[in-house]
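Welcome, and thanks for taking a look at this one with me. Below is a short tour, from the single chain out to its partners.

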Number of protein chains: 2
Amino acid sequence: MSGTDPSIVTPQPGDAADQLHLEHFIPYRLSVLSNIVSMSIADQYEREFGLSIPQWRIMAVLARYPDLSAIEVAERTAMDKVAVSRAVRGLLASRRLVRSYDQGDRRRSMLRLSPTGHAVYKRVAPLALQYEQALLDSLGASDRQTLQRLIDRLMERAKALDGRPGATGSGRS
Amino acid sequence: MSGTDPSIVTPQPGDAADQLHLEHFIPYRLSVLSNIVSMSIADQYEREFGLSIPQWRIMAVLARYPDLSAIEVAERTAMDKVAVSRAVRGLLASRRLVRSYDQGDRRRSMLRLSPTGHAVYKRVAPLALQYEQALLDSLGASDRQTLQRLIDRLMERAKALDGRPGATGSGRS
DNA sequence: ACCCAATGGTTACAATTGAAACTATTTATT
DNA sequence: AATAAATAGTTTCAATTGTAACCATTGGGT
């Protein structure tokens with residue numbers, strides 16, 4: 001009885017199944033990290049401002065680029081138009097956004113922060129930056145640059161590898 | 001009429017609201033990157049093996065550490081016990097997992113891959129590693145090490161910053 | 001032995017999210 | 001001008017996920 005039971009024997013070196021350790025697997029690690037960060041932020045925004053992450057993202061882009069249409073907002077926030085539609089509804093309800101319609105193309109809406117929305121944004125933005133600062137405090141200055149660069153590279157590559165229908169990369173327009 | 005309307009005037013330098021660009025904001029970027037990667041992988045696993053990400057994670061840890069309980073699986077996969085319970089149900093239904101009960105503590109289950117499950121795992125694992133390789137191909141060897149290190153640091157920091165009730169960091173046991 | 005708190009795990013219900021279909025309007029084609 | 005195809009955005013319905021409540025079993029005190 002010397003090791004022929006495949007459930008007991010040590011796997012062959014070079015065996016892929018043997019090399020994979022979830023705790024070092026980059027996609028897994030990215031997901032866990034991103035989740036902790038997002039949930040931690042989401043919790044704070046929700047508690048203090050009644051803002052969801054999608055709503056916060058929309059406010060952030062509209063603060064910088066007023067009068068975008070819903071679809072333009074979607075592009076800049078990496079959300080789909082349904083998510084934008086829903087988040088916009090919430091922001092309109094809380095009067096943090098105003099919507100007008102492009103005269104000349106009445107399908108197109110133009111979104112911008114209301115004065116109230118702008119005031120809220122001015123309170124949220126510093127918190128967001130503080131959180132980011134606190135997170136990056138664990139890194140040296142050069143690591144911070146490196147981080148941005150690595151994310152750039154990985155993002156580009158991830159898009160290229162992504163073979164889903166309609167996923168970013170081969171928009172048919 | 002020289003610039004007193006706050007909605008038109010250029011924000012003060014140092015104004016947080018002015019410094020925040022969503023497209024450079026690390027939490028946002030991590031989230032977008034992680035989403036592309038996860039969805040791209042999830043799509044492949046679902047198509048080729050009928051596996052969800054939670055199921056795949058469970059298989060990965062059980063391949064390495066057989067006979068964990070559901071809660072131990074939860075700890076090693078960063079999922080909560082409800083998610084594990086559901087994913088396990090699916091894996092049992094597809095006969096990729098077998099469950100026995102710890103005799104001596106009949107609450108505790110012991111989970112392990114069935115031979116079928118093991119066979120599936122041996123086909124999935126190489127794909128997972130190939131994807132990771134392809135993703136990391138965009139990086140030099142030293143950048144790869146750096147990436148793991150940066151994720152370590154950020155993860156640690158993110159946990160420390162996370163003030164949610166019951167979130168990882170101050171488990172009361 | 002008995003009671004109460006803690007633990008492992010599942011279930012039920014609510015909230016979120018995703019995919020597809022739909023309305024309204026505009027643009028292109030003939 | 002009429003029809004078809006495309007675009008902006010919303011709605012609907014299904015699937016996923018989160019939260020809380022819920023058994024069952026165990027461990028600890030008394």
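## Fold of chain A

Helices (H or I, at least four residues) and strands (E, at least two) are taken as DSSP runs and numbered from the N terminus. On that basis chain A contains seven helices and two strands, and their order from the N terminus is α-α-α-α-α-β-β-α-α. This is a predicted model, in which local features need pLDDT of at least 70 and side-chain atom pairs count only at pLDDT 80 or more, while totals for chains, interfaces and linings use all residues. Residues are numbered from 1 along each chain as its sequence is written, and chains are lettered from A and ligands numbered from 1 in the order in which they are written.

Contacts come next: two residues are in contact if their C-beta atoms, placed from the backbone, lie within 7 Å. Among the contacts in chain A with a separation of 6 or more, 41% join residues 24 or more positions apart.

## Burial and the nonpolar core

A residue is called buried if 20 or more other C-beta atoms lie within 10 Å of its own, exposed if 12 or fewer, and partly exposed in between, with C-beta atoms placed from the backbone. Of the 173 residues in chain A, 27% are buried. In H6(A), the buried residues are Gly117(A), Val120(A), Tyr121(A), Val124(A), Ala125(A), Ala128(A) and Leu135(A). The expected span of a helix is 1.5 Å times one less than its number of residues; for the 22 residues of H6(A) this gives 32 Å, which agrees with the 32 Å between its end C-alpha atoms.

A nonpolar core is a set of buried Ala, Val, Leu, Ile, Met, Phe, Trp, Tyr and Cys residues joined through C-beta atoms within 7 Å. The largest such core has 75 residues, and Leu33(A), Ile58(A) and Ile58(B) have the most contacts inside it. Leaving aside residues up to four places away in sequence, Leu33(A) touches Leu30(B), Ile151(B), Leu154(B), Met155(B) and Ala158(B).

## How the two chains pair

The contact draws 59 residues from chain A and 59 residues from chain B. On the side of chain A that touches chain B, H2(A) gives the most, with 15 residues. That side divides into 35 nonpolar (Ala, Val, Leu, Ile, Met, Phe, Trp, Tyr, Cys and Pro), 14 charged (Asp, Glu, Lys and Arg) and ten polar residues (the others, Gly among them). Since 98% of the interface residues of chain A are also interface residues in chain B, the copies meet through the same surface.

## The DNA strands

A residue is near a strand if its C-beta atom, placed from the backbone, lies within 6 Å of it. DNA strand C is surrounded by 16 residues, the closest being Arg106(A), Ala70(B), Ile71(B), Ser85(B) and Ser109(B). H5(B) provides the largest share of this surface, four residues.

DNA strand D also has 16 residues around it, and the closest are Ser69(A), Ala70(A), Ile71(A), Ser85(A) and Ser109(A). Here H5(A) gives the most, with four residues. By class, the surface near DNA strand D has six nonpolar, four polar and six charged residues.
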